[in-house]
Amino acid sequence: MTEFSRRVEQVSISGIREVFEAAGEDAINLGLGQPDFPTPEHARQAAIEAIEAGKADAYTSNKGTEDLREAISTKHFRDNDLDVHPEEIIATSGGSEALHIALEAHVDAGQNVIYPDPGFVSYEALTHLAGGDPRPVGLREDLTLDPATVEDAIDDDTAAFVVNSPANPTGAVQPPEDMKEFARIADEHDVLCISDEVYEHQIFEGTHRSPAEFADTDNVVVVNACSKAYSMTGWRLGWVTGSEERIERMLRVHQYAQACASAPAQYAAEAALTGPQEPVEDMRDAFQRRRDILLEGLAEMGLECPTPRGAFYAMPKVPEGWVDEVIDRGVVVVPGEAFGDNGEGYARISYATDEETLREAIEIMAEATEAVR
Ligand SMILES: Cc1ncc(COP(=O)(O)O)c(C=O)c1O
């Protein structure tokens with residue numbers, strides 16, 4: 001029989017799914033990686049209007065509509081002080097596809113990709129699918145990625161390194177001086193930096209800076225999406241930015257794998273990016289309140305947790321057996337090792353849930369902590 005490809009055999013279904021399946025139906029789910037808010041009304045309406053006007057029935061340009069790419073370009077100028085020409089953008093099926101085409105276009109068999117461990121699960125899997133060798137690197141005590149660690153890990157076979165700030169699963173935010181360093185490393189070592197900025201708006205302390213602001217070469221590509229910023233995970237709309245040469249290569253993958261991002265989603269995304277930004281601020285404020293509630297709860301339990309300054313995750317150090325005990329008592333959290341070997345001894349808690357439910361979950365976690373002590 002036809003064997004499965006070696007690339008695909010190296011990848012397994014995310015450990016996060018297994019946790020969800022193990023939990024009962026009434027469980028409180030603090031395992032989810034998506035905001036619990038509705039998509040802004042004006043974004044939904046824009047898609048409805050495009051559909052009703054018959055504008056969303058056909059393929060768009062492979063890169064995405066001119067208007068959407070204009071909107072993304074304006075967003076980068078507004079939020080990141082970056083000049084990104086619409087030709088330097090591909091609209092993708094979520095940040096996930098943007099990561100995929102970035103790696104496919106730049107990684108050859110035998111080359112390695114450096115990424116944070118614990119880190120977002122796709123980096124390892126997409127490296128395998130591109131035929132590359134994953135090279136996970138550990139984090140500082142505060143769960144940020146030390147540029148020196150990345151620099152030490154680079155060798156002649158390094159195709160790319162991934163920076164993710166604010167980060168999943170840690171909530172860590174890289175300070176601007178680190179982002180400058182990542183840009184320098186990309187320039188000096190002539191290695192691609194893939195900057196995953198999907199949580200850029202969920203930041204409570206510090207500011208988000210992109211390595212793309214500091215690079216002198218075109219060695220930074222930026223991955224972003226409407227998913228987390230506008231609570232649009234179901235719409236599947238993200239994008240990648242890069243020099244025209246890099247975009248042309250990534251487009252070769254996107255064109256054959258995807259053709260174009262979903263047209264209705266493109267209209268919704270354009271409206272989200274150009275419309276009122278209050279929903280983004282409201283979500284950030286809600287996440288910050290919940291983060292504070294969760295951190296207080298964890299401190300009362302005696303669990304040490306590096307302060308998450310962004311995204312909507314906390315990653316406390318937990319005693320052995322804690323995750324199973326918490327799940328058995330009806331609260332879903334994800335074991336740290338689902339995000340890499342260095343995640344062992346930690347758990348990822350998502351606070352994308354309302355305050356009342358979060359408080360209820362904290363009580364249960366406190367009981368579980370007592371039980372395993
Ligand atoms: C760090 C990070 N990057 C990218 C993605 C992909 O997001 P999208 O839903 O836009 O594909 C996620 C989703 O959880 C994420 O956490």
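This is a predicted model: local features need pLDDT of at least 70, side-chain atom pairs count only at pLDDT 80 or more; totals for chains, interfaces and linings use all residues.
Biologist: Are α5 and α6 parallel, perpendicular or oblique to each other?
Modeller: Two packed helices are described by the angle and the distance between their axes. For α5 and α6 (residues 122-129), the axes lie 9 Å apart and the angle is about 40°. Roughly parallel would require an angle under 35 degrees, and roughly perpendicular one of 65 to 115. The two helices are therefore oblique.

Biologist: Which residues of α6 make the contact with α5?
Modeller: α5 passes α6 in a right-handed crossing. From α5, the contact draws on Ser96, Leu99, His100 and Leu103. The residues of this contact comprise three nonpolar, four polar and no charged. On the α6 side they are Ser122, Leu126 and Thr127.

Biologist: Which are the edge strands of the open sheet?
Modeller: Seven strands form the sheet, with mixed pairing, in the order β2-β8-β7-β6-β5-β3-β4. An edge strand pairs on one side only. The edge strands are thus those at the ends of this order, β2 (89-92) and β4 (133-137).

Biologist: Which residue in β8 stands opposite Ile90?
Modeller: β2 and β8 (residues 238-241) run antiparallel and are joined by four bridges. Opposite Ile90, the residue in β8 is Val240.

Biologist: What angle does the direction of α8 make with that of β6?
Modeller: Helix α8 (residues 176-189) packs on the sheet and touches β5 (158-164), β6 (192-196) and β7 (220-225). Relative to the direction of β6, that of α8 makes an angle of about 150°.

Biologist: Is α11 roughly parallel or roughly antiparallel to α13?
Modeller: The axes of α11 (residues 278-301) and α13 (residues 355-372) come within 10 Å and cross at roughly 15°. Angles under 35 degrees count as roughly parallel, and those over 145 as roughly antiparallel. The orientation of α11 to α13 is therefore roughly parallel.

Biologist: How many residues of the contact of α11 with α13 are charged?
Modeller: Among the residues that meet are Arg289, Arg290 and Glu300 in α11 and Glu355 and Arg359 in α13. The contact also has seven nonpolar and two polar residues. The charged residues number five.

Notes:
Residues are numbered from 1 along each chain as its sequence is written. Axes are lines fitted to C-alpha atoms, for helices over the stretch in contact, and angles run from 0 to 180 degrees between N-to-C directions. A crossing is left-handed if the near helix is turned anticlockwise from the far one by less than a right angle, and right-handed if clockwise. Two residues are in contact if their C-beta atoms, placed from the backbone, lie within 7 Å. Ala, Val, Leu, Ile, Met, Phe, Trp, Tyr, Cys and Pro count as nonpolar, Asp, Glu, Lys and Arg as charged, and the others, Gly among them, as polar. Two strands pair if DSSP finds at least two bridges between them.
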